[in-house]
Amino acid sequence: MTAAPALALQGVTCSFADRGHAERLYTAVQDVSLAVAAGEFVSVVGPTGCGKSTLLNVAAGLLAPSAGAVQVFGQPLAGINARAGYMFQAESLMPWRSALANVMAGLEFRGRLSAAEARAQAEDWLRRVGLGAFGGRYPHQLSGGMRKRVALAQVLALDPDIILMDEPFSALDIQTRQLMENELLDLWQGRRKAVLFITHDLDEAIALADRVLVLSAGPASRPIGEFRVDLPRPRDVAEIKTQPRFIELHAAIWAVLRDEVLKGYAQQLQAVAP
Ligand SMILES: Nc1ncnc2c1ncn2[C@@H]1O[C@H](COP(=O)(O)OP(=O)(O)OP(=O)(O)O)[C@@H](O)[C@H]1O
Ligand SMILES: [Mg+2]
C-alpha cells in the first residue's frame, strides 16, 4: 500500500461573486486535482490572476472550495489545516513586534512551549536564517530580504509537515532572491517537508522543485502540464540554470506556459477597459 500524500486537492472548484455583477459567478479554478507527497517539493506556475493564491488558500483551509475536497495525510480537511505552515504573498509580519517576537508568536499561540522554550527556539531559527543578531529589530528596521527571512523563520519554527509558499521571494532583488532560494533548499534538504510553492518565475520553479505543475489562464483555470524535474540534488540555484537539462526542461515547460501567460495578460487588459 502506498502512503497517502501529505496534501491532495481533489476536483477543487472555486467560484466568486463577479465584480459589479453580483448575480454572476466568476469561476477562478475548476476541477483541480493535485497531490504533494510527504517530503516532495512541488512548484506551481501560471499566469497572473489564474488562481494560484486561491488554491493555496484552499490547501491552508482558509477558503472552502465551492466543490471538491482536500485531504491531508489521507484525512479530509475541515477548517484550518493544522499540519501546514503558510508563507503569504503579501508581507505578514506584525509591525509592533520585534523580529524575535514575530518568530515566537506562532509558538506562543500554539501553547505547547513555555515562554523560555519558545524564545530559545525562535532564537535558533533566526540564527538559521542568518538573523541571529537582528532579533531585537522591528520589521521597519529590516530590509525587504531580512523581513522575508523572518517570515520564513516564523513558518519553519512551527515545524509544519506541509509548507505552503506564495511567491515568497518575488519582491526581492535577484541576488538576495538566489541567496534565499539556496537557503530554502538547504533547510528543506535537512528536514524534507512537503512543499507547495507558488511562483510565476519558471526559473525559480524548476530550480527548486521535484515537479512543476502548469496552470492554465483563468477563468476556470486547471493544471495543463506536469513535469518531473530530474536534476540532481543538492542544487545551487544559480549553477543549476546553466545545465543543459535545466535548459531543456525550461524550453519544454515554457512551450506550455507561454500561450497561457499571453491569454492571462489579454484578459486583465480587457477587465481594466470600461
Ligand atoms: N475573494 C475573492 N472575491 C472575488 N474574486 C476573487 C477572490 N479571490 C480571488 N478572486 C479572483 O480569482 C482569480 C484568481 O485570483 P488569485 O489571487 O488566486 O490569482 P493568482 O494566480 O494568485 O494571481 P497573482 O499571480 O497575480 O498572485 C482572480 O481573477 C481574482 O480576481
Ligand atoms: Mg497570487
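This is a predicted model: local features need pLDDT of at least 70, side-chain atom pairs count only at pLDDT 80 or more; totals for chains, interfaces and linings use all residues.
Local features need pLDDT of at least 70 and side-chain atom pairs count only at pLDDT 80 or more, while totals for chains, interfaces and linings use all residues. Residues are numbered from 1 along each chain as its sequence is written, and side-chain values use heavy atoms, with hydrogens and water left out.

The shell around ligand 1 (residues with a heavy atom within 4 Å) includes Phe16, Tyr26, Gln89 and Glu167. Its classes are 4 nonpolar, 6 polar and 2 charged, where Ala, Val, Leu, Ile, Met, Phe, Trp, Tyr, Cys and Pro are nonpolar, Asp, Glu, Lys and Arg charged, and the others, Gly among them, polar.

| Residue | Part | Distance |
|---|---|---|
| Gly49 | backbone | 2.8 Å |
| Cys50 | backbone | 3.2 Å |
| Thr54 | side chain | 2.6 Å |

Ligand 1 alone exposes 640 Å², of which the protein buries 61% (Shrake-Rupley method, 1.4 Å probe). Strand S2 (21–36) and helix H1 (52–60) each give two or more residues to the shell; H1 gives the most, 3 residues. Helices are DSSP runs of H or I with at least four residues, and strands runs of E with at least two.

The largest pocket has a volume of about 720 Å³, the space filled by probe spheres set on its grid points. A pocket is an open set of points on a 1 Å grid over the protein atoms alone where a 1.4 Å probe fits, with protein on both sides within 12 Å along at least five of seven lines; lining residues have an atom within 4 Å of a point. Of its 26 lining residues, Asn81, Ala84, Gly85, Tyr86 and Leu158 are closest to the centre. Helix H2 (99–110) is one of the elements that supply at least two lining residues, and H2 has the largest share, 5 residues.

Notes. Chains are lettered from A and ligands numbered from 1 in the order in which they are written. A polar contact is a pair of N or O atoms within 3.5 Å; within protein, one must be able to donate a hydrogen and the other to accept it, and residues adjacent in sequence count only if both atoms are side-chain atoms.
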